[in-house]
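Below is a short report on one predicted protein model.

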Amino acid sequence: MEDLIGAAEKTSRVSTLFLFCAILSCTSAVTHYSVPEEMEEGSVVANLAADLGLDAKTLTERKVRIEIIASRKYLDLNKETGELYIAERIDREALCPTKTSCYLKMEVIIENPKRIFYIELEILDINDNAPHFRRDTIDLDISEATQAGERFSVSNAVDPDVGSNSVKTYQLSQSNYFAIEIQTGRDGSKFADLILKEALDREQQAVHNLILTAVDGGTPPRSGTAIIIVHVLDTNDNAPLFDKSIYSVKIMENSPIGSLVIDLNATDLDEGSNSDLTYSYSLYTPEKTQGTFNLNPSTGEITVKGMLNYEDFRIYDMEVIAADKGANSLSGQCTIKIQIEDMNDNHPEISIKSFQSPVSENIDVDTVIAVVSVSDKDSGDNGVVDLHIPPNMPFQLKESSDNYYELVVSEPLDREKVPEYDITFTVTDRGSPPLSDNETMTLQLLDVNDNVPHFPQSFYTIRVMENNAPGALLSSLSAFDPDLHENQYLVYFILEKEIANTSMSMLFSINPENGNLYALKTFDYEMEKDFLFHIEARDSGSPPLSSNVSVHIIIVDQNDNAPVIVSPWRAHGSVVEEKIPRSTDKGSLVAKVIALDVDSVHNSRITYQFLQVADATLFSLDQYNGEIRTMRMFSYKDPRHQRLVVVAKDNGEPALSATVTIKLSTVETAVKAYSDMTEVPLEYDIFSDLNLYLVIGLGSVSFLLLITILVTIVLKCQKAKPSMAAPPSRNSVISERNSTMADSTLVSNDAYWYSLFLAETRKGKLVVRQPLPKGSRYIVSSIPRSTGMSETSGSATSTLQASTTSSTRST
């Protein structure tokens with residue numbers, strides 16, 4: 001369709017017809033254009049100013065406007081270029097639903113001086129609509145007696161397109177019974193008649209599903225489908241038919257009255273009343289037989305009507321007729337031979353002499369559980385009995401003497417798999433047919449502590465958000481013990497493991513009854529990232545059994561640290577001053593803002609934005625690398641001093657930020673002395689402000705490195721003195737973050753050092769965990785930070801002197 005629209009656009013521009021009067025001021029001329037429907041909004045129809053001989057530069061001054069004789073404004077005029085363009089998609093079928101030709105008339109009205117031009121836009125049809133049927137499903141009822149060649153009318157398809165884009169032909173899905181014939185109406189519309197090619201047989205196929213497809217003449221063609229469902233109506237052309245022509249049935253003597261002898265089943269392939277059957281005896285069935293057996297005329301069931309005696313009468317013969325209820329009734333018949341057999345009159349008997357229940361699940365194999373006896377009053381094969389129990393059970397029957405059996409344990413028992421057994425003893429004689437009897441006993445098993453507690457997982461990974469509240473529930477680590485009572489009662493423990501002289505019991509707690517794991521302290525991701533320990537579950541059996549599981553606690557980072565701006569460097573709360581030549585080219589680097597965030601992953605991803613900028617067209621800020629560049633050259637209108645406020649924001653939720661203010665001054669690169677017209681070049685200052693900041697930064701880093709080396713040497717010397725009773729101390733950093741004051745957090749890679757001190761990060765205190773060795777000295781470094789709009793960094797160092805006794809607890 002895009003190719004068609006493009007071609008139509010070119011045609012509309014090339015083949016435009018102009019009908020002007022001889023005098024240019026005449027307003028009765030009509031300009032014709034033709035465009036295809038469904039063109040994109042903004043598509044240019046023609047250069048109206050050029051076609052009408054108007055100057056495009058004066059269209060605004062002359063107040064040119066377009067009046068469209070329609071309910072919607074489909075077109076508009078670009079007053080800068082004079083182009084007539086599509087303002088809203090045009091649907092020819094909606095605009096001219098009943099017309100083959102579609103025109104959109106409009107007036108171009110010009111003021112100063114007053115002129116009116118008439119425009120006639122022909123909307124050309126494109127194949128944008130597929131044919132569709134008024135009904136998606138067409139139901140037809142056709143009798144199976146209908147002759148081949150019969151014609152049936154079906155609903156025709158409609159297409160809102162016109163001309164070659166309308167319905168051109170129909171297609172029918174493959175069928176051995178039906179075809180279509182396409183007809184043309186007086187108005188040129190196409191419709192199809194369904195024609196029966198071959199006679200139908202409902203018994204072979206009762207429903208025919210056909211798909212009728214209507215295809216238009218567009219390029220490419222479009223199509224629509226409808227489903228034709230043909231229901232074949234039945235005629236009575238099939239006689240009832242029995243499953244067999246001769247039935248042989250055996251029935252025992254003394255069968256109770258009402259017992260089912262045989263359930264006759266005749267079928268009729270027809271439907272409705274043509275398949276409703278009635279059963280009856282034929283005239284050749286003896287009256288004695290009819291008096292002994294009852295025939296149900298509706299269902300065909302033959303039941304016992306009188307007493308049967310093998311010694312009186314052994315064989316009964318009968319004929320049964322099945323007739324349908326059609327207008328011309330059809331029927332079928334069968335022969336039945338019923339043979340009476342002698343029966344086994346006495347049932348065998350079973351008796352349980354002894355039975356032991358409950359028993360322990362660890363009972364020994366071959367232990368006797370019960371003793372059973374059997375008997376039968378009949379003689380011969382009818383009096384010989386067999387005793388058995390269900391298969392796949394851990395028990396076995398052993399014959400101890402005539403008609404006596406012992407039930408013994410044949411396999412080890414497990415109460416956790418099967419807590420009890422319903423053992424059914426079944427005794428059966430060898431008569432024909434055999435008779436049987438059964439009796440069920442329930443064997444219960446007593447529990448022993450033979451199962452260790454079982455955790456659902458062998459390894460647990462638990463994620464904990466930092467800054468969690470002490471006492472928060474982390475997870476439920478419940479184990480399962482299939483034993484019973486005290487063998488099932490579990491107690492949970494944390495297996496002690498020290499990390500930096502801190503046991504897991506000081507960090508975590510587990511409910512001994514249900515396995516709920518709690519955190520005893522608030523974790524800081526920047527200090528502690530994970531913990532690995534084991535939890536044991538122990539039952540209360542005798543002896544107790546236990547198992548353990550590994551637990552991996554992962555501390556998840558939280559956005560609790562604001563970005564710190566490290567470049568450009570400035571004193572706390574001060575403004576960064578930068579100078580830039582006024583002749584700086586477009587795209588030149590003015591400054592680069594660098595911020596750091598001690599958080600991790602997305603919480604440390606920093607983006608930069610202007611919070612305040614005097615002229616948004618003069619400077620650009622790269623949101624990812626913080627580079628500030630010129631977007632154009634400075635002009636004489638631009639002020640010499642520019643104030644830029646840049647905010648560095650992390651990607652946390654909620655986001656934290658820091659700001660820096662840059663005062664930018666423009667300077668002239670050269671001064672021209674007009675007194676003697678001699679150009680005096682200005683000396684280039686290699687120590688510009690930016691270079692000066694870099695020198696200061698490098699000097700600061702070198703100074704800090706030197707101080708660190710000196711402190712390390714001093715500590716090593718103190719460690720070598722023999723009089724030093726305390727363990728070696730290590731440099732530690734105590735830092736704390738707060739919105740208004742510096743906090744302190746204790747960081748140490750020495751587990752012993754960490755066991756002595758505890759930094760309370762939210763109070764700015766250093767707490768002594770245990771008595772300090774007398775005469776020990778510890779160097780503590782505090783890094784103050786602020787999370788306001790302007791960040792600065794610095795450090796302070798203090799020395800702790802552990803004085804006398806073990807009563808010292810905090811400093």
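S40 pairs with strand S41 (residues 516–519) in the antiparallel sense over three bridges; two strands count as paired if DSSP finds at least two bridges between them. Phe508 stands opposite Ala519 in S41. These strands belong to an open sheet of three strands, in the order S36-S41-S40, with antiparallel pairing. Strand S36 (473–476) and strand S40 (508–510) each have a single partner strand and stand at the edges, so one side of each is left without a neighbour in the sheet. Direction ignored, neighbouring strands of this sheet are turned by 20° against each other on average.

The model is predicted: local features need pLDDT of at least 70, side-chain atom pairs count only at pLDDT 80 or more, and totals for chains, interfaces and linings use all residues. Residues are numbered from 1 along each chain as its sequence is written, and side-chain values use heavy atoms, with hydrogens and water left out.

| Chain property | Value |
|---|---|
| Buried residues (under 20% relative accessible area) | 37% of the 811 residues |
| Contacts (heavy atoms within 4.5 Å) between residues at least 6 apart in sequence that join residues at least 24 apart | 64% |

Helices (H or I, at least four residues) and strands (E, at least two) are DSSP runs; the chain has seven helices and 60 strands. Ile713 is found in helix H6 (residues 689–720). At 46% relative accessibility, Ile713 counts as partly exposed, the class between buried and exposed (over 50%).

Methods. Buried < 20%, exposed > 50% of the residue type's maximum accessible area, 1.4 Å probe, protein only. Axes fitted to C-alpha atoms, helices over the stretch in contact; angles between N-to-C directions.
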